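Here are my notes on this one, as numbered points. Have a look at the model first, then read on.

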Amino acid sequence: RLASLRPGARVVAGVDDLLADDELEVVVVLTPPATHPELVRDLLDAGRHVVCEKPLAGDADTARGLFGAARAAGLLLLAAPFVQLSPTFRRLWTLVADGSIGRVHAARAHYGNPGSTWARWYHEDPLATLADVGIYNLKSLAALLGPVAEVTAVSATALPERRVGDRPYTGRDPDTWQLVLRHEQGALASVLASHATFAYRRPASELYGHAGTANLLGDDWDPHGLEVWREGSQVWEMHEPEDATWLWADGLREAVLSLRTGRPPLSNPDLDVHLIEVIAACGVSAAEARTVSVSSRFDPWTELRPDRDRAGHHVHDRTRPADEQ
């Protein structure tokens, strides 16, 4: 079916057949999450650069080992999600870093969808919802507010009856999570992650500072622009998307550009490992009804400013980048 949808694609039976092509440089891993660590390890052992969908691994030690193997081999390993590559997110980061709304002391974030109608593995792992949808908010908040020091989480199963195609089954694991995060620098953040959300109308995230508020509109993976309220101006400022054509799958582009130009990719492996530990801590917190500490840390980005100045005008055609409007 995939070959019929993409006539130019070459279909092979397995990884060994894939690696028989010595000209192959970069592989994107899009398989079910439980298969990611072994596939990534095999690809790195074969000398290939890898872009892996989230989550990279089910535990922080495994993820740390994969990044270490890539580093030792001189290979790229990029882990989704890639919210930090969005020019609109980078503008938000710049506003926060420059103190436009003062020191951020609290935040809230949400991302959800109704879940999958084609794959049971979305709903047959205790942490699947956090690793699939919650991870977007967690990466955004960590990139903006720094490492998470502790988490308090509760979970529930809102939709126990699910279907894959025409086949019903029981969703045995949580599909709805509420998280409270205490960041190392003091900010408190709340996250709603859900595989039982059919529609919503709210910012992806809202940050509250001592001198204002900033919203990321849309979703972390599909930002629709920014809204900023500053104590000095007392009005909401609307900022159009930096590049309305930006796609959540930009990790592959980032890997290719890094290899072609020789510059390091805009990624932070320690942050990606930290996120996996945060998700695991949420699972323990919900199961044991207690607050759980997170031991890993990462060096926050010191420079995520967009590569170009804002176009400064209304976006008329969302199929073209800003410099072609």
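1. Glu242 counts as buried at 9% relative accessibility (buried is under 20% relative accessible area, exposed over 50%, partly exposed in between, with a 1.4 Å probe and protein chains only). Its salt-bridge partner is Arg91, at 2.9 Å from N to O, and Arg91 is buried too, at 16%. A salt bridge here puts a side-chain nitrogen of Lys or Arg within 4 Å of a carboxyl oxygen of Asp or Glu. The two residues sit 151 apart, Arg91 in helix α5 and Glu242 in the loop between β13 and α7.

2. Keep in mind that this is a predicted model, where local features need pLDDT of at least 70, side-chain atom pairs count only at pLDDT 80 or more, and totals for chains, interfaces and linings use all residues. Numbering runs from 1 along each chain as its sequence is written, and side-chain values use heavy atoms, without hydrogens or water.

3. The structure holds 19 salt bridges. Among them is Lys54 with Asp132, at 2.7 Å from N to O; they are 78 residues apart, with Asp132 in helix α6, and both are buried.

4. Now the sheet: nine strands, open, mixed pairing, in the order β13-β12-β11-β10-β4-β9-β8-β5-β14. Strands are DSSP runs of E, at least two residues, and helices are runs of H or I, at least four, numbered from the N terminus; two strands pair if DSSP finds at least two bridges between them. β13 and β14 are the edges. β4 and β9 run parallel over seven bridges, and Gly112 has Ser194 as its bridge partner in β9.
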